[in-house]
Amino acid sequence: MATDTKQDAIALLKADHRTVEELFEKFESAKGAGAKQKIAQQICLELTVHAQIEEEIFYPACEGKIEEDLLKEAYVEHDGAKVLIAEIEAGGPDDDYYDAKVKVLSEQIEHHVEEEEKRMEGMFAQARHAGLDMDALGEQLRARKDELVATYKAGGLPKPETTTFTEATI
Ligand SMILES: [Fe+2]
Ligand SMILES: [Fe+2]
């Protein structure tokens, strides 16, 4: 959703994390196939946009400024999530494994978010310490996010593009 309030990059990305956590909780307590599917689709949209703006804007800005292993793992974690997101997006609550897929996605995201937000050594802490221009990055992230949300709401989610996986998997 568009907003006029300025957020620095980390505040924006953390707010996205909180939104998705709330949606996962809502999914857990939702009753009925229709309600569950609606929430799951919202999770897929939020996570797709979030991963994309991180990969297009935030992660490249971190390149060479934070621990390389951490950044590489983040890309692979995103790719793992994209596979599950595509599964959830294509399926529905009548899929025997639907709830399990959403649950496992939430667990993977929980781990990934911790790697990004961990105090002192997490990705965001390292990026802050490296002196990235968080205000400028925040503006870029916000603009791209608004654009992608509008595109995907109108045309649906694109086929997932993984950054690190080989052709063998998708
Ligand atoms: Fe994130
Ligand atoms: Fe991420």
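**View 1. Glu116 and His112 meet through their side chains.** The side chains of Glu116 and His112 make a polar contact at 2.9 Å; that term covers a pair of N or O atoms within 3.5 Å where, within protein, one must be able to donate a hydrogen and the other to accept it, and residues adjacent in sequence count only if both atoms are side-chain atoms. This is a predicted model, where local features need pLDDT of at least 70, side-chain atom pairs count only at pLDDT 80 or more, and totals for chains, interfaces and linings use all residues. Residues are numbered from 1 along each chain as its sequence is written, and side-chain values use heavy atoms, with hydrogens and water left out.

**View 2. What else surrounds Glu116?** Look for His17, whose side chain makes a polar contact with that of Glu116 (2.9 Å). Glu116 also touches (heavy atoms within 4.5 Å) His50, Glu54, Tyr59 and His78, among others.

**View 3. Glu116 is buried without a salt bridge.** Buried means under 20% relative accessible area (1.4 Å probe, protein chains only). A salt bridge would take a side-chain nitrogen of Lys or Arg within 4 Å of a carboxyl oxygen of Asp or Glu, but the nearest side chain of opposite charge, Arg18, sits 8.5 Å away.

**View 4. Phe58 in the largest nonpolar core.** This core (buried Ala, Val, Leu, Ile, Met, Phe, Trp, Tyr and Cys residues joined through side-chain atoms within 4.5 Å) has 26 residues, and Phe58, Met123, Met134 and Leu141 have the most contacts inside it. Leaving aside neighbours within four places in sequence, the contacts of Phe58 include Leu13, Ile53, Phe124 and Leu137.

Technical notes. Chains lettered and ligands numbered in written order. Buried < 20%, exposed > 50% of the residue type's maximum accessible area, 1.4 Å probe, protein only. Lys, Arg positive; Asp, Glu negative; His and termini not counted.
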